[in-house]
Number of protein chains: 2
Amino acid sequence: MNDVQKAESNSVERHAGKPPADKTAARRADLRERLAAAGRAAIAEGGLQNVKARDLAAAAGCAVGAIYNVFEDLDELILRIGADTLARLEQGLAAPHDVAPEPAEELLRLARGYLAFARANKALWRALFEHRLAGGRAAPAWYLDDQSRLFALVEAPLARLLPDEPAPSRALLARTLFSAVHGVVSLGLEEKLAPMSEATLDAELERLLRAFAGGLTTADGVTLSSS
Amino acid sequence: MNDVQKAESNSVERHAGKPPADKTAARRADLRERLAAAGRAAIAEGGLQNVKARDLAAAAGCAVGAIYNVFEDLDELILRIGADTLARLEQGLAAPHDVAPEPAEELLRLARGYLAFARANKALWRALFEHRLAGGRAAPAWYLDDQSRLFALVEAPLARLLPDEPAPSRALLARTLFSAVHGVVSLGLEEKLAPMSEATLDAELERLLRAFAGGLTTADGVTLSSS
DNA sequence: GACAAAAATGAACGACGTTCAAAAAGCAGA
DNA sequence: TCTGCTTTTTGAACGTCGTTCATTTTTGTC
């Protein structure tokens, strides 16, 4: 990032007349994209463990050292791929805004979309959650923003389902519902567990949402004690 | 420490009845346990990535090569540690069988126990789900058995909550409920997401269970279409 | 104590992420 | 176009990793 910023500021400072030196900036951007594409392919083929510096360089047609000209390290590349994956997921979940279905139906549609995306992009999707930054560093802010947009997708129909719920509580509930769906999808596709048929997983996901939405819209704490 | 342990195990086995060749078997078992303990410590300290053959050997007081005398590879060691973690989790969730609470309360107790275990053993617990076997091999059967015992813990109260539910459907529901709770705990403790306070996560987990159990025990599909 | 069989050892191997001295390319003034 | 300086790109080299295997050490039996 630091290098990128330097290159950009150089090109900006150079007189606007012609673009002499931001050709290199464009090349760097190209290389970033080619490396990210190679990384995506590597993850899709063999998971996070399949991302190797030398393979990426070969696929992108550059020297191994060139990776470190455009990325801080492989972690940053993987984070960038993760952001792309999140963006594609968000796009895949985008509501067809010409009709406004029942909020509970919309929640089910989102859950099914999430499952469908995870199925269709299993390795890339899993990489989102398997990846740990070296040394326990915190994820950058732009990455957290990308994630929170997903929760926002859930929040909208939730607001229509529970109009009397305070907004902060609704935001938490959106994350909780997202998490619950994620759990079912995650363990449902986990091959370290006994495998489930596709239809069974579909049905179980629907059962979760039915019960959850049903439990939310009826009286609270039906048979549960408070503490 | 390593010399002491070795000496002790030798002296214990010395002239015990007539076990000629299973002294070595005992030493192998000892080494397995010492290596597993070292691996547990390594994971607890720095996650799965912190498990290094040379460090394990140093901690267990053996040569690097000795690891491969008692384990196929590090994957098998990690699987063994995972089985231990599952066993400790199962033990931590064991019901206090002197009282028989409401089934919904029991489910909440299990969910809270799961969250408590995950909090208290974050790295080890996460290792259960992060770990992938090299080359996409399938987990051994004994490992799957250990997992299915967890689902069984959920199934018992579920059977009392939904006595009319067919048994196969109940088994699936147990896994689904477990998965949903796992999702909330998993993303709730995920530091790549915006962090949640402990109390908030506790409350959200309870909200999930209240809504889910409530939705299960009231009429099905309250506001959800079937599609 | 001597000897064959078994087990333990740790140097060595190939592959990995990352670095950095050196080479190549870019760019302005002649 | 050529010259000189700067920036970018390069890939051999470094340290570390999991794993192997020829060698050494220990074990069990006579």
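**Close-ups of a predicted two-chain model**

**View 1. A:Arg175, a buried charged residue.** A:Arg175 counts as buried because its relative accessibility is 8%, where buried means under 20% relative accessible area with a 1.4 Å probe, protein chains only. This is a predicted model, so local features need pLDDT of at least 70, side-chain atom pairs count only at pLDDT 80 or more, and totals for chains, interfaces and linings use all residues. Residues are numbered from 1 along each chain as its sequence is written, chains are lettered from A in the order in which they are written, and side-chain values use heavy atoms, with hydrogens and water left out.

**View 2. Who touches A:Arg175?** Leaving aside neighbours within four places in sequence, A:Arg175 is in contact (heavy atoms within 4.5 Å) with A:Phe151 and, from chain B, with Leu187, Gly188, Leu193, Ala194 and Met196. A:Ser148 sits 27 residues away in sequence, yet the C-alpha atoms of A:Arg175 and A:Ser148 are 8.9 Å apart.

**View 3. Where the chains meet.** Here 58 residues of chain A are in contact with 58 residues of chain B. Between the two chains there are six salt bridges, meaning a side-chain nitrogen of Lys or Arg within 4 Å of a carboxyl oxygen of Asp or Glu. B:Glu190 pairs up with A:Arg132 in a salt bridge, with the closest N and O atoms 2.8 Å apart.

View 4. Not counting residues up to four places away in sequence, A:Leu208 touches A:Ala180, A:Val181 and A:Val184, plus B:Thr176, B:Ala180 and B:Phe212.

Notes: Buried < 20%, exposed > 50% of the residue type's maximum accessible area, 1.4 Å probe, protein only.
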